[in-house]
Every structure is written in structure tokens, then in C-alpha cells.
Amino acid sequence: MKHLIKIYLLIVVIFVSSCEKKVWNNPFDSDAPKSIFTPTNLFASQVGASVSLSWMETNSMISGYLIERQVDNGTFLKIANLPKGTVKFVDVSIISGKLHLYRLTAFADNNFSNPIAVSITPASAPKWNQIGLISKTFSSASFTSTFSDEGSPITSKGVCYSTSRNPTISNSKTIDGVGSATYVSSISNLSSNLTYYVRPYATNALGTSYGFEYQVFLILNVAGPNATDGSGNIYNSVKIGDQTWISKNLITTKYQNGQSIPIVNDNQSWANLKTGAYCDFFTRDDLGKIYGHLYNYYAVVDSRNICPTGWHVPSKLEWDELIAYLGGNTSAAIKLKESGNLYWIKANGDNSSGFSARAGSWRSQEGFFYYSVQTGGGNFWSTTKFDATYPWLFTINSETTAKTTTDYYFQSAAGTSIRCLKN
């Protein structure tokens, strides 16, 4: 009986022991649940142009980790096998703007834990689509720039520029604030007759990106092609910005088809004209040879063309373009006028443009001459009319402030100088 009791107690102990919950700690055991070595707290963050992953290791007996990545619902691809003890990984092969899903699995020989996942859409540096020139002078230029994607907040923006291709922010640059997709940049103190390469840039937490490159060439006093008028006179020309001008006042006595332009010296006859004519200041041909002839507006608009073939009398807008390119009224006057006081009452020009403007003065619509040839200033026709009677005039003041303006106009019967502009 005692033996039966002992056997019974042994069976009870064995049965109770077999019902106790087993404690799993070996991930290599194929019967072990995957949860005992599944990593936890997987976290993703962007660092510059990469994604940093971090997690917690839950079992030190594992062999290591497998990291897979899926981009925009594509196929999961293995990107790393890492040894145990590693709890960080940096992915440098990201594609900005696309959804990245990362899957992390621990493994112990052929046993794999449950996978855990995290997603992130990496931002990007700004993406550019255009740069445009607003205006330029002989020593400056202004641009408008636009980017299509900020990525993250812009901390600095502008344009960088150099006389070499592909400038960066290590070259000369402007700093034009933060934020805002479209902005204006102005660069100054540039040298004429050099090509500058300009690129917009923007910087954010992810780095600096650059836009399309723009070339700007600031031309001043570069020789242009010769021009021949209807009388056979040959003129040199000069390039100033995007324009090319003959570099002396017109002296032709014929239209381009060879037909004569009459010279009219009598005051009353001049006042009664309704067709093209010319004269010299004070009717002196010696002054005409030095300062060029004076023409009425009827000669300017005659269909037979008073300028050499391929050239024309400029419009008000074209005169304004010349003034703006040379830096405004006062700056333009200085650069347009011949230096010294041989052809001007005051020596306040430097002729750095090569335009070689001389005073020339003017003749009134009544046929009278006023002042002296030098004190009358330089006056030039435009083809643009202020109204039915008065064409706009371009003038360079001679006696007082060096100044150019198109804000003067004469009657069509008046006589002034002509400069021709290349078509």
C-alpha cells in the first residue's frame, strides 16, 4: 500500500511539472515564439539627405538583423544585414518625395522574429525651374528666380555668379532673405565686356541646391560693323548693351535710294516745309562737317529711309533703353558725350560708351537758330510722336547738369541731329 502511495505521488508531481509554463529564452530553438527576439521601438528620422533608423534589441542571443526597404509600394528589397548589438542604421540611398517603408527583422540562424516596420517620406533640397533677366546696365543686372519645391523651410537664397561656369555659393553671391518661392536678386560692380554666369541658389536644412545657369554679357564700347549712307559716307559703329549705334551724327544729303534731300537755308522756306529737308547750324557747312547736319522730322519718317540700309532712326523706347543701360540720365550723359570742351561748352563727359556725342544744337520750326552750337546741346530725333504735331526728342544738356532725357519734344518742322540704330 505504501508503495502504491509513493507511485501515485510521483505521477502527480510529474503531471504538475508538465503543466508548468515553459520559460523561453533561446531564439535558436525552433519552438521558441518569435516575440521573444522581435526588436522594438523602431524609429525613422531624416538627417540631411539620408534617413536614420534606430531600435531596441530585445535578445542578446540573436545573430543579427535584416533591414528591407520598400519605395512607393514597390517590392521590398534587402538593404542591410547587421550584426547583433547594432541598434542604428543610416540609409543614404533615399529618393526625396517618395514614401519609404522600412522593415526590420531579427534572426538567429534560420529563425526569424516578427518584422516591425516604420515609414517616412524624405524631404528634399529646393528644386528649381527658372531664372529670368529683368534688366541690366553696363555694370549691373537684376534677375527673378523661382523654385518649384521648398522641401523644408528656406534659410538663405539669392544668386551666385562668376566669370566661370557653374558658380556656387563659394563664389560671389547675393543674399535675398528666406522663404518665398519667387524673388528678385540684383548684382552690381560688374565689369563690361565680360561674360558672367549666374545661378539661383537656395539653402535649407537638407543642403544647397542650384537652378539653371544664365549667361549675361555686359557690352560697352565695342566696335560694330560699318554703315554706308545714301551719299556714300561710311560710319563706324559702337555696340552698347544690346544696341549698335553709328558713332557720329548723320551727314547724308541723300535718302538710301539715292534721291536727294534738299538743303533749305531760308527761314521762311524752312518754316513752310511739309517734306524732308536739312541744313547746317547757322547755315555754315563747316559746322555741318563737325557736328553733322540738322534734319526736320519729315526727313526722318520719309519712306525712302534716311539711315543706311539695315539701320533706322530710333524710337523713344530705344533711346530710353540706351539711357537705362548707361545708368540713368546723368550717368548716361557723361558716358555719351565726347570728353573735353572742344565740342561742348563744359567738359563733363568721358565718352566711355564710344557714342561720341557732340552738341550740334538745333533749328526752330520758324527757321531760327538760337544760342551757339555748343550751348544748344545735343538733340536727336526719335520716330515716336507725343501727339499729332510733336515728335519726342532725345537731348543731352550742354550748359548745366550733364543729363539726358526724352521728355522734350519739338514740332515736326524743327531741325535736329540724327543718330541711326542697327535693325
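Asp-320 is partly exposed, at 25% relative accessible area (buried means under 20%, exposed over 50%, partly exposed in between; 1.4 Å probe, protein chains only).

Helices (H or I, at least four residues) and strands (E, at least two) are DSSP runs, numbered from the N terminus.

## Basis of the model

This is a predicted model: local features need pLDDT of at least 70, side-chain atom pairs count only at pLDDT 80 or more, and totals for chains, interfaces and linings use all residues. Residues are numbered from 1 along each chain as its sequence is written, and side-chain values use heavy atoms, leaving out hydrogens and water.

The structure holds 9 salt bridges. Among them is Glu-68 with Arg-103, at 3.0 Å from N to O. This pair links distant parts of the chain, 35 residues apart. Glu-68 lies in strand β3 (residues 64–71) and Arg-103 in strand β6 (residues 100–108). Glu-68 is buried, at 14% relative accessible area. Arg-103 is partly exposed, at 27%.

Arg-69 forms a salt bridge with Asp-91, the closest N and O atoms being 2.6 Å apart. Arg-69 is in strand β3 and Asp-91 in strand β5 (residues 88–91), 22 residues apart. Both Arg-69 and Asp-91 are buried.

Notes
Salt bridge = Lys/Arg side-chain N within 4 Å of Asp/Glu carboxyl O.
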